[in-house]
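These are my notebook entries on a structure that I went through element by element. I wrote down what I looked up in the order in which I looked.

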Amino acid sequence: MVAAASLAPAPGVAQVIPAPAPAAPPVTTITEPKLALPPATSADPALPSVPAPNPAPGPADDAHKTPNLHLSRLQTPDLSLLYFDPGQTYLTPYVARAFENAFAYHRKRFGWTPWDRTTVLLKDFSDYGNAAARSSPNNAILLDVAPLAQTYETFSPGERFYTLNNHELTHVATMDVWDAHDAGWRRFLHGKPMPVAEHPETIFYNYMATPRVNVPRWYLEGSAVFMETWMAGGLGRGQGGYDEMVFRAKVRDQVPLFSPLKLESEGTAIDFQVGVNDYLYGTRFMSWLALTYSPDKAVQWWRRDQGSAGYYATQFRHVFGKSLDDAWHDWTAWEQGFQAKNLAALARYPLTPVTHLVPHGLGSISRTFYDPKTNSLIGAFRYPGVLPHVGVLSLTTGRIRRLADIKGAMLYNVTSLAYDPDAREAYYTEDNYALRDIVAINIDTGRRRTLLRDARIGDLVVDPKDKAIWGIRHENGFSTLVRIPRPYAGYNQVHTFDFGTTPFDLDVSPDGSMIAASVGEIDGAQTVRVWRTEGLTPGTPLSEAAHLALAPSTPEGFVFAPDGKSMYGTAYYTGVSNVYRFDIASGQATAVSNASTGFFHPLPQADGSLIVDEFAGDGFTPSRIMPVARDNLGTIAFLGTQVERAHPELKDWGAGSPARVPLDAMITARDHYVPTKEMHLDAAYPVIEGYKGNVAVGYHVTLEDPLQFHQLQATVSVSPLGSLPTGERFHVDLRYKTLEWDLRYWHNSADFYDLFGPVERSRKGDAVIVGYKKAKIYDPPRQLDVFGQAAVYTGLDRLPDAQNIRSGFGTLVTGELGAKYSNASSSLGAIDHEKGVGWNAIVDGSYAQGDFFPDFHAGGQIGRPLPLHNASLWLYADAGIASGDRTNPLGSFYFGSFRNNYVDDRSVKRYRELESFPGFDIDEIAARRFAKATGELNLPPIRFAEVGTPSFFLASVRPALFAGVLATEQASGAHPIYADIGGQIDLNFTVALRLPMVLSAGIAGGFRDGAYRRTELMISLKIL
């Protein structure tokens, strides 16, 4: 008989979590959604694609997606919970309880006294849930209300807000922890400054104030996954079947495990799992430490007790008595032996013979469909070096014919894919981590059309009977079964499930009489349910025909057999993902495989075989197996189970139920969030700037609200040395920014990067500048911005945008209006964008001494990938015309030089930009009219695995070649033609463990009317 692995959670989690009934979502369904929250025993922390906890994308990064900023707030002494009323109001009592429950737990476990109140923002800008956290410049958490993807059990089932709060507050606690030394710096800096490019001194300040922010991401994710697993009584990725499979596959396929350095330099960049590797390796290492030394020792490493070391690796040696690298080596050696034993245990029973249909793994693969006409698989694929795409995989040649690139592909499922063999059309989703669109594509011609935009529908399947598309829609935290009738112009919402009930992996029987889905419940239970479609319309309850439970695993990917009497799917029932045949009439399941790693996406074939995706060391591999009923399967040992057996005290680590939190007594306010009223001093620190070759010393102050919707920044400095006139020694820069407006005043503007030339941003005089920018289209990577700016300058000695052109104007008034569109994408392992288009159009005007000088310029760009992985070819083109007095410097455009400073914070490849033209001096070329084109060849980057240390390492070298031509009409009436040709090499490296920097070297030769002029060399260090 089949033996299940020991995964039972420890006791100690309460059974009922009361909360008010929610408002129903705007759907046409007769069922009233109800919020009943039983045991909070969820496990996994966040989607694998969760952003780095710090610096995390701030709430302001999502604000442009909202029509307004009317946020409501629930406040306690330690929490400021922000949400959109009324849609999310029903969630706030429970989310607040889950936060307070986890908050009290972490304060005790980590000896943590929070430096500031934590701001939590609820949002519904994505169809799949996610979360992020930060502790600098303030403690903040972002929570999506949408369900989290259950794919391959990479996220464990259960109540998501309980799990996410446990996980994200671990991040906040382990980054915000402080001792007397840190507290002294925080008081001196008036906060916890985050690194900003404008003042790179903040890199140092950030480390001194929050040293535990400056740690590898595997440290953050490993500690958070470990904690939320045991806070939930032992359910989580710390005991996850997927994690075990990944390392078992690496050992089986003899794929070396990453070192700490290689993990960050290569493993999170070119491996198909990218950032998920930080979760996998971090969790594994932390669990091994707990097993070998004790859970308390691991926590001691994460704490910031008095006398502890700020630097994470130094503190590791203090706690464990050896270097982190030595311990990591010990773990990988142990892992090899551990997984070898698991593989041997599985092999005690006959393993299922596997025939691979391709010579190597294909990274991530969607659900696939067999096309007998071409003997091929129709699916979506995502692997390094090639943009995610819908394609046709030939089972004869093993090659993929790409049909269409996928915008917004998912990490594991790539996309939700359905197929109609009669119409020979595939239907798939784009913007999968935003608001999903549905696209149709003909698999023979490649012709595609968008059916529904922002429909928020996935888990697509075509009804063979009437060709309607069934799907699951996510909105405001609820899941709704929907039906899209032909011609797919709209959808009917059939049934909205209770909050916490999440269906996924839909399938329809061959005769259209039944529809099935895997269903996750709020208490962590996971089943396959089969419903009858007859009479299933809006207003009727679901009629269940059968259901299957394989606890404690999640049954997924179940599809109907050709006869419609049974289904095939997979589950980690024994700890290994095997295929099970589910007989609908009897409700019984039978194992039909014995995998050494794991099988997924079973696809029944006419000859009785199954096409499956076998997990291998290099990703999922399409394969063929013959299903054979199994009475006995081998089981594996789980690292997490061994940790619990060795350290039974973990059974007492459960955080308990949020139901016990007396929230009503804790609430101090329920009101609205007004950013201007929430502004406070966030940081203040000394700075260094440059002004006309002189050093200026000064002070910078930032006031902002916790969500950074409004910011007031002030920098004052003095140039005490040098031969500057007295009137130019004092410098002021005041700036007030909102999400759309930017108001600035400066006096004798100074800039840090002027210390390193040759480009000078500093200017004598005074300026008042008002800028506006708004995203009219925000559909990443597609974006259209409109912008404008008006400025008044007095006392200038140089033009604002041309440092080598003297002004001579007492007062100068300028204005501009423009628009910019971009739509560019790249594949795994890329550094540059590899495919895309873009354009911009700008109208400028200058007024001085009674004369007006209008001009107009526009440009475009287009790029395409090359057959070489991560290589691309781009063309940039611009043209412009200026008007006004020919003899006035305001009546021309100016070009010349790479325009990179020796130390810089602007774009690395500035030779692409309008005013750049390498091979000539800055502003050397003046033109009344111009047409400019630059071609660029980006060659594949060269990756490095072990060059440096985790705190300072070289990741890659990126070579590029370019050539340009610039046709001009000058004020004199001459029409010279300029040309350049050159190349640039960019060394991408990381400092302070996670801060990106680029050291660039470039060379270019300049030509005028075919005659060689000069060669320009460029060296530049790009900060952040």
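I keep in mind throughout that the model is a predicted one.

Which strands pair with strand 10? On one side I found strand 9 (residues 376-383), joined to strand 10 by seven bridges in an antiparallel arrangement. Within that pairing I noted A380, whose bridge partner in strand 10 is V390. Strands 9 and 10 make a hairpin with two residues between them, and G385 in the turn has a positive phi of about 90°.

I then followed the chain onward and saw that strand 10 also pairs with strand 11 (residues 400-405), again in the antiparallel sense, over five bridges. Here G391 stands opposite R402 of strand 11. This second hairpin has five residues between its strands, and G398 takes a positive phi near 80°.

Next I looked up an open sheet of four strands, which has the order 20-21-22-23 and antiparallel pairing. Its edge strands are strand 20 (502-508) and strand 23 (544-549), each of which pairs on one side only. Neighbouring strands of this sheet are turned by 20° against each other on average, with direction ignored. For strand 20 I recorded the pairing in detail: five bridges join it to strand 21 (residues 514-520), the two running antiparallel, and P503 stands opposite V519 in strand 21.

**Backbone geometry**

I searched for cis peptide bonds and noted the one from R486 to P487, with omega near 10°; P487 has its place in the loop between strand 18 (478-484) and strand 19 (492-496). I also noted the cis bond from G757 to P758, with omega near 0°, where P758 sits in the loop between strand 36 (741-749) and strand 37.

I turned to positive phi values in residues other than glycine. R456 has a positive phi of about 65° although it is not a glycine, and this residue is found in the loop between strand 15 (448-452) and strand 16 (457-462). Is R456 buried or exposed? Its relative accessible area is 6%, and since buried means under 20%, R456 counts as buried. H601, likewise not a glycine, has a positive phi near 50°, but H601 is found in a strand, namely strand 28 (residues 599-604). At 14% relative accessibility, H601 counts as buried.

**Salt bridges**

A search of the whole structure gave me 56 salt bridges, and I followed up some of them.

The side chains of K123 and D144 meet at 2.9 Å, N to O. K123 lies in strand 3 (residues 118-123) and D144 in strand 5 (residues 140-144), so the pair ties together parts that are 21 residues apart in sequence. I checked both partners, and K123 is buried, as is D144.

R304 forms a salt bridge with D182, with the closest N and O atoms 2.9 Å apart. Because R304 lies in the loop between helix 10 (295-302) and helix 11 (312-320) and D182 in helix 4 (residues 180-189), this pair ties together parts that are 122 residues apart in sequence. R304 is buried, with a relative accessible area of 7%, and D182 is buried too, with a value of 1%.

D832 and R912 meet through their side chains at 3.2 Å, N to O. D832 lies in the loop between strand 41 (811-825) and strand 42 (835-848), and R912 in the loop between strand 46 (903-904) and strand 47 (925-927), so parts that are 80 residues apart in sequence are tied together. I found D832 buried at 10% relative accessibility, whereas R912 is partly exposed at 24%. Which residues belong to the network of D832? Salt bridges that share partners join D832, K909, R912, E936, R958 and D986 into one network.

**A nonpolar surface patch**

My last entry concerns the surface, where V768, V792, V813, Y847 and F852 form a nonpolar patch with about 440 Å² of accessible area together. I located V768 in strand 37 (residues 763-779) and noted that V768 is partly exposed, with a relative accessible area of 46%.

Note on methods:
Residues are numbered from 1 along each chain as its sequence is written. This is a predicted model: local features need pLDDT of at least 70, side-chain atom pairs count only at pLDDT 80 or more; totals for chains, interfaces and linings use all residues. Side-chain values use heavy atoms; hydrogens and water are left out. Patches are made of residues with over 30% relative accessible area and no salt bridge: like charges are joined within 9 Å, nonpolar side chains (Val, Leu, Ile, Met, Phe, Trp, Tyr) within 5 Å. Accessible areas come from the Shrake-Rupley method with a 1.4 Å probe; for residues, only the protein chains shown count as cover. A salt bridge is a side-chain nitrogen of Lys or Arg within 4 Å of a carboxyl oxygen of Asp or Glu. Buried means under 20% relative accessible area, exposed over 50%, partly exposed in between (1.4 Å probe, protein chains only). Two strands pair if DSSP finds at least two bridges between them. Axes are lines fitted to C-alpha atoms, for helices over the stretch in contact, and angles run from 0 to 180 degrees between N-to-C directions.
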